[in-house]
Amino acid sequence: MRKMHFVRVSSLWLLILLVVVSIPLGAVSSQTAQESAVVAAVYYDSQDQLNSIGSKYDVWAVHADQGYVEVLLRPEQQVALAKAGFRVEVLREIPATAQALLDPRYYYYDNYVSNSNSRYLTTWLQTINAAHPDLTELVDVGNAWQADHAGYHRDMWVLRVTNEDPMYGPIESKPAFFLYATIHAREVATPELVIRYINFLLDGYDGLGGYGVDADVTWLVNHNVAYFMVMANPDGHVQNELNTSAYRRKNMDNDDGCSSPSSWGVDLNRNHSFLWGCCGGSSSYACDETYRGPSAGSEPETQAFQNYFATIMPDQNGPNGDNEIPPAAPDDARGLFISLHSYSDVVLWPWYLPGYPQPPNVTQLQAIGRKFADFNGYNPSGTIGYTVDGATDYWTYGKFGIASFTIEVGSSSGTCGGFFPSYDCLDGYGTRDFWAENRPVFLYSHKIARSPYTTVYGPDTLSPSISDPGEGEAIVTLTATIQDQRYGSDPLKPVMGAEYFIGEPGLDGLGVAMSPTDGAWGGTMEAVNATIDTSALEPGAYYVLVHGKNGDGKWGPFSAAWLNVGATQPTVHVGDIVMGYKLVSGRYRIGADVPVFDQNGVAVVGASVTVEWTLPNSKTKIQTALTSATGKASFRIVGRTSGTYTVAVTDVTATGYDYDPAQNFETSEELVIP
Ligand SMILES: [Zn+2]
């Protein structure tokens, strides 16, 4: 500890010395500027100019309203752009000497770079797969580039989540949701969102979700299938773990003619084999950040993904060639694909390819993209603003007809902006909450995967609920709200019907009809109800799935509630404990939120939670707090040192409930402050 402290102080002194020395020596500092990469504003006058910058340079963000793009430029690129007549304004320098490990609260791919929180994606995937043998399968779909060229073996992992019990039908016939992240290695917030959604499905996350706890999650895991590729560019990701100033975006392929280690690699999001290199949306120069590779699908990462995807997803828009615009996928096409990127807070869908017609399903893609934006508040711009070819979602839609999207997560500036946002922005400890913003997008995508192109037009079902039957009573009341919800001022449709199914999602229109509580259909929001006679049902827990339809006869996605037949004394349990910290005036302010739920997964207000903290010096501290209106008990302590802080729940009491620790998602949680 003492030694670490000494090293930190001395390197800080070195930094101060360097700064002090370089300021008065103009010649030295200007030479440093020549050597350093810069982030610059490059102004453009036309769409053609924007496309030409986007096809070659490392564009970080488009500021269309101000007519410039934010671009990372190496010195020679800065000169070339200025010579070509572009107005280039340096926003900031990226000193070549600055080197920082990725914040170890972020997952690292494996232990190639040591993570002080021991957060390694590969280990985590293997652990969660082992913990849920009937719900998950971890598939090694191929190698990243360095495995077969540079001696660093990194696998391309896909985690499949579905109940493997054949009573839920063959997995290949279940509607599939594919969530994919980190094709651009430095976009480090994106794998974290996938990890959270996997946790949300299997064990619950931050007090929500959990198989067997949350009714929606439970039917989705049983009747749908989800595929997760958390890191699509592992070789590149470890470069950012080592040094966030590297801004590594591409893979590590170094034999295509670029000899500079900082610039070699293929932009995997320009390498996919649908209309590869068609349209001036990528570069043929191996050192460019948008280098498309020597041929379509040339990279092992691309091949691993494409080959696996083709085995699990049906081709629904006819066998079109790699360079052929397909016919429209039918309205009942299944499956949904999302590729997560950073940053700019936009929702994109295929495609913007000058010289080619729009995708045949563009109206439906737009409708889904705008629904996403209604949930996460991002801008549904559809296109990033300049031409891109060889992108993942162009391939998944172009070749398979699957509804496909790109979501760019994070602000353009500020602590929650850029490629390396503060980790606090993931769970709402910062000014943003990326997880809360996107959880409803993922859940909605998972739900509509059975028929995205039609279900998107239907209304949403909110807060379905089932009354507790009285003692010896068999009749319960099911209620819900059916509401059409659209982005911005997109026109709303009237709600004209609702129905429910018990135990499995049925076909549209074949369920048990529900009634409008006000006696008449036709509002854009309708409270609905039905009575259910449970006397013929075996004792147990059932999910009841509710959905509504609009005036065009389009049914929306299901939302589910638990129906407990023969239920006994209600119980409470602890959900997922979330910890965070802030460094304020040399002290760590450490927080732990402990959510409490009843047996139906409903938050319990006013429960008394007792925890025991264990501090880095092994001292302990007991605290008790009541759950607030959100069902969470909040605990706060101030710590003087870095190290491991543990919080363990020792008791929960709530009037009218038994505490059932066997149902806890978590009983303790650990936070390592590096
Ligand atoms: Zn990206």
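Where is the place of Ser 118? Ser 118 is located in the loop between strand 4 (88–94) and helix 5 (121–131), where helices (H or I, at least four residues) and strands (E, at least two) are DSSP runs numbered from the N terminus. The structure is a predicted model, in which local features need pLDDT of at least 70 and side-chain atom pairs count only at pLDDT 80 or more, while totals for chains, interfaces and linings use all residues. Residues are numbered from 1 along each chain as its sequence is written.

The phi of Ser 118 is near 55 degrees, a positive value in a residue other than glycine. Ser 118 has 13 other C-beta atoms within 10 Å and is partly exposed. A residue is called buried if 20 or more other C-beta atoms lie within 10 Å of its own, exposed if 12 or fewer, and partly exposed in between, with C-beta atoms placed from the backbone. Ser 585, likewise not a glycine, has a positive phi of about 50 degrees. Ser 585 lies in the loop between strand 22 (578–584) and strand 23 (587–598) and counts as exposed, with 5 C-beta neighbours inside 10 Å.

The domain assignment gives domain 1 (36–98), domain 2 (121–454), domain 3 (457–565) and domain 4 (571–673); such bounds come from an automatic or database domain assignment. The C-alpha centres of domain 3 and domain 4 are 35 Å apart.

An open sheet is formed by four strands in the order 16-15-19-20, with antiparallel pairing; two strands pair if DSSP finds at least two bridges between them. Strand 16 (512–513) and strand 20 (559–565) are the edge strands, each pairing on one side only. Strand 19 (residues 540–550) is joined to strand 20 by seven bridges, and Val 544 has Ala 561 in strand 20 as its bridge partner. Helix 8 (residues 215–223) packs on the sheet and touches strand 19 and strand 20, contact being defined by C-beta atoms, placed from the backbone, that lie within 7 Å. The direction of helix 8 makes about 100 degrees with that of strand 20; axes are lines fitted to C-alpha atoms, for helices over the stretch in contact, and angles run from 0 to 180 degrees between N-to-C directions.

Val 544 is also among the residues with the most contacts inside the largest nonpolar core, together with Leu 179, Leu 201 and Phe 228. This core has 151 residues, a nonpolar core being a set of buried Ala, Val, Leu, Ile, Met, Phe, Trp, Tyr and Cys residues joined through C-beta atoms within 7 Å. Helix 7 (residues 189–202) gives the most to this core, with nine residues. Gly 204, which follows helix 7, has a positive phi near 90 degrees.

Strand 6 (residues 155–161) is also largely enclosed, because six of its seven residues are buried. Strand 6 pairs in the antiparallel sense with strand 5 (residues 136–143) over six bridges and with strand 8 (residues 225–229) over three bridges. Leu 159 stands opposite Phe 228 in strand 8.

In helix 12 (residues 392–400), nine of nine residues are buried. These pack against strand 7 (176–181), helix 10 (300–312), strand 9 (336–341) and strand 12 (403–408).

Terms used: Two residues are in contact if their C-beta atoms, placed from the backbone, lie within 7 Å.
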